Amino acid sequence: EEAVRCTAVTKEFGTGGVVRALDAVDLTLRAGEFFSLLGPSGSGKTTLLRLIAGFERPTGGRIELAGRDVTALPPHRRDVHTVFQDYALFPHMTVEQNVAYALTVRGVRKPERTARAREALATVRLDGFASRRPDALSGGQRQRVALARALVDRPAVLLLDEPLGALDLRLRQEMQTELKELQRTTGITFLLVTHDQEEALTMSDRVAVVSDGRIEQTGPPLEVYERPATAFVAGFVGTTNLLRGEAAVRVVGRPGAYSIRPERIRLADPADAPLDGERTVTGRIADIVHAGAHTRFTIALPHGDRLTVHRQNLAELPPTARPEAEIRLVWDEKDAF
Ligand code: ADP
Ligand code: MG
C-alpha cells in the first residue's frame, strides 16, 4: 500500500532568474514506513515537503496520497501534518489548546477535544503540562508539544522538517529514539527531512539521498551505505575514500570513480603477500588519531593521494604500524565500488 507518490515533480521559483529547486523527482513511500530525505542544505528537501503538504504547487508533475491525486488540493484537504523545525506553536495558547487546535478548527466538541489532546500529550510523555504556555517549556518539551499537535487527529502521513535541529546532541539522540518509537506505536507514515546522515541511517526503514533537486539513490540505510550508487552518495553518506582517474588506476587497477570505505581497508606488514581476490597498495603512515570507537590512519600514497583507514581492533595491527612507517593497505576487490 502506498502512502505518498510523487511523479516527475518539478518546482521552479522566481521571476527572471529561475531557480529549479526540484527536478523531475520520483518518490514512493509505503504506508507505515519511516522514510528519510537526506541531503545538504539547499538541495530541495523543504520544498518537497511543502509540496506534499500542499503549501506550494509544483511547476510540473503529480502528487498522490493513498492513491488519490492531491496535486491541486489545499493543505486542509490532505491527510497530512507537518512538524516544522521552529515548532510554530501559538504563544498565547496553552499546551492543550495548541494540541487541540486542529480539532477546534474541525468543530470537534470540547469534551472530546480535551480527551484527545490529553491522550496525544500522554503519547509524547507530557501528561501534566496541559495548562502551561509554550514559553514555560524547555526546547525538548516544545518539540514534544509540536509532535502531539501534529498527531492529535491521526494523520496518515507526518512530515518532519529537521525537527531535532534546534536541540543539543544528547537531547537529539534521546528524541531520535522517541520519534522512532512513536512511529512504530502509531503506525503513521513518517517522512523525516534531515541533513544529518547518522540521523537518517539510524532511524529510517528507507532513505532517499537528495542533491541539487534530484534523488540520487533510494534504499534501506545499509544498502545506501554499503553500495552507494553515485560518487555524491558515497561522499555524503559516511566517510569514504573516493578515487578517480590516475588514483583509481593505481589503487583499483581500472579507470573510473571508486569508493572504498575506511573500515574495509586492512593494514598489513609490507612484507606480507596478499591473498586471492585482494587488492593492495603500499604507502606511508602520515597520521594516527585515536577517535574513541576506532583509530583513524591517514596513509600517504607514493604519488601524493591520501587514504583514510579506520581500524577497531588494535591487536590485529602489524607491529610496524607506526607514524612515518611504510605500510601495506589490503582490501577485498568487491569492496571498491
Ligand atoms: P533544503 O530544505 O534542502 O535546504 P530548500 O528546499 O529550502 O532546500 O531550497 C532548495 C532551493 O530552492 C534553494 O536554492 C533555495 O534557495 C530555493 N528556494 C526555496 N524556496 C524558495 C522560494 N520561496 N523562492 C525562491 N527560491 C526558493
Ligand atoms: Mg530545509
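At least two residues each of the shell around ligand 1 come from β2 (19-30) and α1 (45-53), where helices (H or I, at least four residues) and strands (E, at least two) are DSSP runs numbered from the N terminus. The greatest contribution, three residues, is that of α1.

This is a predicted model: local features need pLDDT of at least 70, side-chain atom pairs count only at pLDDT 80 or more, and totals for chains, interfaces and linings use all residues. Residues are numbered from 1 along each chain as its sequence is written, while chains are lettered from A and ligands numbered from 1 in the order in which they are written.

Among the residues surrounding ligand 1 are Phe 13, Val 19, Gly 44, Lys 45, Thr 46 and Thr 47; a residue counts as near if its C-beta atom, placed from the backbone, lies within 6 Å.

I turn now to helix α4. Its 13 residues, 139-151, reach 19 Å from the first C-alpha to the last, close to the 18 Å expected at 1.5 Å a residue (1.5 Å times one less than the number of residues).

Finally, an automatic or database assignment divides the protein into domain 1 (2-233) and domain 2 (241-335). Their centres, taken over C-alpha atoms, are 41 Å apart.
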